Amino acid sequence: MFDFETGAPDQVRSVLGMDAARIGGGVVLSMRHDPSQFWSKALGFGFAAPVTAELIEEVCEFYRERETPVARFQLAPSVLPEDWADICAKTGLSAGPSWVKLACETDEALRRAADPGRLAARVRVAPVERAHADVWASVMMRAFGMPEGALNEMAVSSVGRQGWHPFATWQGDELVGTGTMHVRHDTAQFFAGATLPHARGLGGQSALLAARARAAQAAGCRWLVAETGVETPGSHNSSLHNMLRLGFRALYERQNWVWHPATSGTYQGSGPSASK
């Protein structure tokens with residue numbers, strides 16, 4: 001998330017009112033003019049230093065100073081302190097939708113992807129080159145229900161950047177699905193898996209998962225990491241089931257904690273950092 005946002009060109013960062021910092025071992029991302037109200041995130045806390053009331057208040061102050069209209073704190077349940085409810089009450093955090101964090105060994109994903117019993121995808125999957133970056137970014141935002149514009153330019157800027165491996169699916173000549181991957185050391189983080197509504201159910205998401213697993217192996221990655229929305233009663237998350245079939249294991253469910261200085265609308269979707 002930090003690299004995806006801070007790597008955007010200065011003009012895009014200015015238009016979106018973007019700022020970022022590393023605080024307490026985590027990262028804090030602010031996008032004051034975010035039309036989707038999704039991209040302001042505080043995450044990665046609790047490992048380099050404990051989560052405390054002082055830490056959370058420092059992050060909240062960061063957002064107040066930048067007039068961020070809404071932000072989400074994403075903390076693994078294992079790092080939450082015993083007085084977390086008191087911290088939430090003090091800083092104005094409220095519980096939002098939950099996501100599930102998943103991981104898989106690269107070799108296991110490739111073994112399952114090679115299973116001859118798997119249905120072949122009815123779409124074509126391939127890496128994204130600069131020539132298709134604009135369309136790829138547009139499909140990503142539309143598939144997640146996000147407004148286009150400067151957010152597209154932010155996504156476009158990741159194509160060709162070191163550490164990023166963007167992929168897409170095509171139905172004939174139409175680019176219909178997206179998925180990218182960020183590599184750091186021996187771990188590959190899957191990101192922005194989504195397909196346009198009319199092209200869903202054709203095996204594209206599974207094909208994107210397998211293609212990224214192969215790219216992760218080529219990059220020397222041992223682990224694959226991903227996240228998506230938790231299934232609620234009466235709902236079905238195809239992305240979750242596709243990942244489970246490929247060998248991903250659910251590590252934990254993570255509550256999103258929402259902060260805002262005043263009442264405002266918020267984007268309730270899972271967003272490109274998850275899969276859809």
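E54, E82, D83 and D86 form a negative surface patch in this predicted model. A patch takes residues with over 30% relative accessible area and no salt bridge, like charges being joined within 9 Å. Asp and Glu count as negative, with the charge placed at CG of Asp or CD of Glu. E54 lies in helix α3 (residues 53–65), a helix being a DSSP run (H or I) of at least four residues. E54 is exposed because its relative accessibility is 59%; exposed means over 50%, buried under 20%, and partly exposed in between (1.4 Å probe, protein chains only).

The structure has 11 salt bridges, each a side-chain nitrogen of Lys or Arg within 4 Å of a carboxyl oxygen of Asp or Glu. Three of these pairs are tabulated here.

| Pair | N to O distance |
|---|---|
| E57 and R64 | 2.1 Å |
| R66 and E65 | 3.3 Å |
| K101 and E227 | 3.0 Å |

K101 in strand β5 (residues 94–105) and E227 in strand β10 (residues 223–229) are 126 residues apart, so this pair links distant parts of the chain. Strands are DSSP runs (E) of at least two residues. K101 is buried at 16% relative accessibility, and E227 is buried at 6%.

E57 is partly exposed at 26%, as is R64 at 35%. E65 is exposed at 55%, whereas R66 is partly exposed at 22%. A network of salt bridges links E65 and R66 with D19.

Residues are numbered from 1 along each chain as its sequence is written, and side-chain values use heavy atoms, without hydrogens and water. In this predicted model, local features need pLDDT of at least 70 and side-chain atom pairs count only at pLDDT 80 or more, while totals for chains, interfaces and linings use all residues.

Definitions and conventions. Patch = residues over 30% accessible without salt bridge, like charges linked within 9 Å, V, L, I, M, F, W, Y side chains within 5 Å. Areas by Shrake-Rupley, 256 points an atom, 1.4 Å probe, with all protein chains shown as cover.
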